[in-house]
Amino acid sequence: MQVFKINRMKAEAPMMAVFGIFGLMVSLAFYPLILWYSFTIFPMLAVSYWLLSSNRVGLFSKQCFLVLDDDGIRYCFHLFQKPKFLRWEQVEKVNHQLYEINFKIKDTGEVISMQKSYLDDPKDAEMLETMINQKCIIT
């Protein structure tokens, strides 16, 4: 079993976008009422985001991972994604791209794309490719 570390900042990027959009909407909604004080929402959201992420509270306690073992690939790349499992028997072909790995599923013909940029160490991408090549057919 091989566990690859996921870059936490990239895993939290969708959550940062949600906090930013929420802050923008709140500041625009309350701007006419309390004038420039409505823009204090951004520092308040930044402090709350920092507290929640450093204390691993709520959605921030979720772990992001990529695990390869004899059964298949288990992965969860960002905080909004549910953990997924892809068995080696399900994979028909593997196509390695520069920034992603594409898996074609046997039964449905669906293509599952796995981004390499989520990996914490760029050297892990090479190890990931060689381990996948040992288990699957390459195109």
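This is a predicted model: local features need pLDDT of at least 70, side-chain atom pairs count only at pLDDT 80 or more; totals for chains, interfaces and linings use all residues.
A residue counts as buried under 20% relative accessible area, as exposed over 50%, and as partly exposed in between. Arg56, at 39% relative accessibility, is therefore partly exposed.

**Around Glu12 and Arg56**

- Glu12 sits in the loop between α1 (8-11) and α2, and it is buried because its relative accessibility is 5%.
- Setting aside residues up to four places away in sequence, Glu12 touches Tyr49, Ser53, Arg56, Phe60 and Leu79.
- With one of these, Tyr49, the contact is polar: the side chains of Glu12 and Tyr49 meet at 2.9 Å.
- Glu12 also has a charged partner, Arg8, and the closest N and O atoms of this salt bridge are 3.1 Å apart. Both Arg8 and Glu12 are buried.
- Arg56, which Glu12 touches, belongs to the loop between α3 and β2 (65-68).
- What is the phi of Arg56, a residue that is not a glycine? It is positive, at about 55 degrees. As background, most residues other than glycine have a negative phi.

**Met15 and its neighbours**

- Met15 is part of helix α2, and its relative accessible area of 7% means that it counts as buried.
- Leaving out residues up to four places away in sequence, the residues that Met15 touches are Tyr49, Leu59, Phe60, Leu79 and Phe80.
- How far apart are Met15 and Leu79 in sequence and in space? They are 64 residues apart along the chain, while their C-alpha atoms are 7.3 Å apart.

**Aromatic pairs**

- A pair of aromatic rings is described by the distance of the centres and the angle of the planes.
- How many aromatic pairs does a search of the whole structure find? There are three.
- One of them joins Phe19 and Tyr49: the ring centres are 5.1 Å apart and the planes stand at 80 degrees, so this pair is edge-to-face.
- Because Phe19 lies in helix α2 and Tyr49 in helix α3, the pair ties together parts that are 30 residues apart in sequence. Phe19 and Tyr49 are both buried.
- Phe77 and Tyr118 make a stacked pair, with 5.1 Å from centre to centre and 10 degrees between the planes.
- Phe77 and Tyr118 are both buried. Together with Tyr75, they are linked by ring pairs into a cluster.

**Salt bridges**

- Side chains of opposite charge can pair when their charged atoms come close.
- The count of salt bridges comes to four, including the one between Glu12 and Arg8 described above.
- Lys116 and Glu129 form another, at 2.2 Å from N to O. Since Lys116 lies in the loop between β7 and α4 and Glu129 in helix α4, the pair ties together parts that are 13 residues apart in sequence.
- Lys116 is buried, with a relative accessible area of 12%, whereas Glu129 is partly exposed at 22% relative accessibility.
- Arg74 and Asp69 also meet through their side chains in a salt bridge, with an N to O distance of 3.6 Å.
- Is Asp69 buried or exposed? Asp69 counts as buried, at 13% relative accessibility, while Arg74 is partly exposed at 30%.

**A nonpolar patch on the surface**

- Which residues form the nonpolar patch on the surface? They are Ile21, Leu24, Met25, Leu28, Tyr31, Phe39 and Phe42, with about 640 Å² of accessible area together.
- Helix α2 (residues 13-34) supplies the largest share of this patch, five residues.
- Phe42, a member of the patch, is located in helix α3 (residues 41-55). Its relative accessibility of 35% means that Phe42 counts as partly exposed.

Definitions and conventions:
Residues are numbered from 1 along each chain as its sequence is written. Side-chain values use heavy atoms; hydrogens and water are left out. Patches are made of residues with over 30% relative accessible area and no salt bridge: like charges are joined within 9 Å, nonpolar side chains (Val, Leu, Ile, Met, Phe, Trp, Tyr) within 5 Å. Accessible areas come from the Shrake-Rupley method with a 1.4 Å probe; for residues, only the protein chains shown count as cover. Helices (H or I, at least four residues) and strands (E, at least two) are DSSP runs, numbered from the N terminus. Buried means under 20% relative accessible area, exposed over 50%, partly exposed in between (1.4 Å probe, protein chains only). A polar contact is a pair of N or O atoms within 3.5 Å; within protein, one must be able to donate a hydrogen and the other to accept it, and residues adjacent in sequence count only if both atoms are side-chain atoms. Contact means heavy atoms within 4.5 Å. Rings of Phe, Tyr and Trp (its six-membered ring) pair if their centres lie within 6.5 Å; planes under 30 degrees apart count as stacked, over 60 as edge-to-face and the rest as tilted.
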